[in-house]
Amino acid sequence: MNDQVASIETAKILELAKTCTKLEGDFVEFGCYRGDTSVELAKLLDGACVTFFEEHKDLAPRPGASSKKTVTRSPQKIWLYDSFEGLPTKSPEDESAAGVNFQPGVLHVSRRALIDKLKKHGLNNAIIKKAWFSDLTVQDLPEHVAFAFLDGDFYESQRTALSLVQPRLVPQGIIICHDYNNPELPGATTAVDEFLRQHPEYHFNIFQTLAIIK
């Protein structure tokens with residue numbers, strides 16, 4: 001059970017993520033907390049990998065035949081980014097009387113807890129990077145991003161994550177930002193709105209508190 005992302009939103013995230021399993025590129029998640037969404041996305045990729053290679057058995061070379069038709073696509077992985085130190089300090093854009101409980105250090109979960117949860121589900125397709133988003137560069141991301149789930153809560157976190165993902169997003173790739181229009185976390189909305197003004201080429205729609213950018 002995920003106490004940060006509603007079940008109806010998780011279903012929408014997985015529905016959209018599934019459409020990206022046929023694209024070149026990996027998945028990324030910024031802000032994974034207890035890893036509930038991370039596990040579901042990793043499961044989706046694990047199943048998609050099996051399905052892809054089952055569907056392409058006919059492309060495998062026969063013994064002694066040329067290997068020109070061999071499927072060379074690498075299995076998609078999910079890259080997980082988190083400070084594992086809880087929330088950072090708020091910016092002025094994050095100030096809200098409704099969000100008084102979102103203070104620096106809350107939502108703290110250890111990296112070990114995330115690793116253990118992934119192992120419990122038999123998943124080994126995740127790459128975990130412990131860092132504040134502001135300390136990351138685009139080089140810390142996979143070369144191609146097919147799907148991104150950004151759950152940084154605060155303005156600077158979401159703004160930074162968007163700026164890192166955008167250069168690596170493949171055609172038809174999808175970015176989903178959590179907490180859009182959430183009165184407790186107004187900075188998340190501000191970051192998305194600024195991004196869309198800077199990149200009018202992207203299509204945008206809203207589902208619950210998910211900002212879906214294509």
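The largest pocket of this predicted model is lined by 32 residues, of which L87, P88, G152, D153 and S157 lie nearest its centre. A pocket here is an open set of points on a 1 Å grid over the protein atoms alone where a 1.4 Å probe fits, with protein on both sides within 12 Å along at least five of seven lines, and lining residues have an atom within 4 Å of a point. About 460 Å³ of space lies in this pocket, the volume being the space filled by probe spheres set on the points, which are joined across faces, edges and corners. Helix α4 (residues 155-165) supplies the largest share of the lining, three residues. By class, the lining divides into 12 nonpolar, 13 polar and seven charged residues, where Ala, Val, Leu, Ile, Met, Phe, Trp, Tyr, Cys and Pro count as nonpolar, Asp, Glu, Lys and Arg as charged, and the others, Gly among them, as polar.

Residues are numbered from 1 along each chain as its sequence is written. Local features need pLDDT of at least 70 and side-chain atom pairs count only at pLDDT 80 or more, while totals for chains, interfaces and linings use all residues, and side-chain values use heavy atoms, with hydrogens and water left out.

Helices (H or I, at least four residues) and strands (E, at least two) are DSSP runs numbered from the N terminus, and two strands pair if DSSP finds at least two bridges between them. Strand β4 (residues 145-150) runs parallel to β1 (residues 26-30), joined to it by five bridges, and F147 in β4 is the bridge partner of F27. β4 also pairs in the parallel sense with β5 (residues 169-178) over five bridges, with F149 opposite I176 in β5. The chain passes from β4 through α4 to β5 in a right-handed β-α-β crossover, a term meaning that, with the strands pointing away from the viewer, the path from the first strand over the helix to the second runs clockwise.

Six of the six residues of β4 are buried, that is, under 20% relative accessible area (1.4 Å probe, protein chains only).

Definitions and conventions:
Buried means under 20% relative accessible area, exposed over 50%, partly exposed in between (1.4 Å probe, protein chains only).
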